[in-house]
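Hi everyone, thanks for coming.

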Amino acid sequence: MSPVREKCCSDVLLPLLFLLIFSLFSPSSPLPPLLFFFLLLLLGCPPSPLHLLFLSSSSPLPLLFLSSSSPLSQDNSIAHIDFNACAGHEWESFLSAMERGGATVNDGGDQIFSSVDENQNVMDDPNRKQQPLEVDQQEILKRMLETSGLLEDGTLLPSNPVTLRSKAGGKQQAWHVDLQRGLLIALVSGTFLLYKNAAGKAFRISLKAGEGVAFGPECVHAGAGYVKDNMRVHVYLLKEGEVQTIDTGDITPFKETETQDKLPMFTPLPFNGGM
Ligand SMILES: [Fe+2]
């Protein structure tokens, strides 16, 4: 092996080069790094154990790049989180705190918009209300979000956490975007979120207790209608300095074909699914 090739294949430079290339591609795809290693073999530089360390999903180093693959880094992305699995202790504490709070769908609170009339005036729904979480509930929620990785090492902050309360018979919302990252957490199974993909196709997402769905600021969605009382938690995830907007973005009434009972089910990719 020539001195040049020995230098090229050093255990320091090649891993660095690999990491650079790795970071330029989507970490969810193993193809670019695999191609790189095949290239090494073609050049007569078989990967050393150190190189393979970087390819291993158990290596902590590729995790450095997972922040760029976060579902919330894309404006219209959407991701599923199982808090039972990734923050089980905090989830149990949070659920206990919510139960101690004793909130019910019959409590007061602010009405949430439901649809728009023919003049694009927003109409609130008396069967759909929200109320801020109590301080202790907010603190436990923040710990749960930190543990689950949703706050991206402090890059994001939970903002305006509320319980959303729908009475039986509450109608589905009009399609809209929130213009900020959001997270819906199911306190009970049978919690739904309606969602449109980039192609404009509508779906219904079903959540069990302890599951959540996080979505980007341009993700088209709508609160579901409920045939029985439902209480869930919603929180915005803002970057530092980002101001929460009350603008609900583009609002589009449902078409007949988009009535939620007719929508196919959709399961978002797991949060950090590229790991
Ligand atoms: Fe929304």
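Let's begin with helix α7, which has 14 residues. From its first C-alpha to its last, α7 reaches 20 Å, close to the 20 Å expected at 1.5 Å a residue. Please keep in mind that this is a predicted model.

Which residues of α7 are buried? They are Gln137, Ile140, Leu141, Met144, Leu145 and Ser148. These residues sit on the same side of α7, because they cover an arc of only 140 degrees around the axis. As a reminder, an α-helix has 3.6 residues a turn, so residues three or four places apart point the same way.

On the face turned away from the buried side, you'll find Val135 and Asp136, which are exposed.

And what do the buried residues of α7 pack against? Their partners are the strands β1, β4 and β10, together with α5, residues 83–86, and α6, residues 88–101. Just after α7 comes Gly149, with a positive phi of about 90 degrees.

Strand β1, residues 78–82, and strand β8, residues 211–215, run antiparallel and are joined by 5 bridges. Within this pair, Ile81 stands opposite Gly212 in β8.

Next, a stop in a loop. Between β4 and β5 you'll see Asp178. Is Asp178 buried or exposed? Asp178 is buried, because it has 20 other C-beta atoms within 10 Å, and 20 or more is what counts as buried. Asp178 and Phe215 are 37 residues apart in sequence, and their C-alpha atoms are 9.4 Å apart in space.

Finally, let's step back to the whole chain. The protein chain holds 7 helices and 11 strands. Of its 275 residues, 32% count as buried. And among contacts with a separation of 6 or more, 77% come from residues 24 or more positions apart.

That's my tour, and I'm happy to go back to any part of it. Thank you!

How values were computed:
Residues are numbered from 1 along each chain as its sequence is written. This is a predicted model: local features need pLDDT of at least 70, side-chain atom pairs count only at pLDDT 80 or more; totals for chains, interfaces and linings use all residues. Two strands pair if DSSP finds at least two bridges between them. Helices (H or I, at least four residues) and strands (E, at least two) are DSSP runs, numbered from the N terminus. The expected span of a helix is 1.5 Å times one less than its number of residues. A residue is buried if 20 or more other C-beta atoms lie within 10 Å of its own, exposed if 12 or fewer, and partly exposed in between; C-beta atoms are placed from the backbone. The arc is that of the directions from the helix axis to the C-beta atoms. Two residues are in contact if their C-beta atoms, placed from the backbone, lie within 7 Å.
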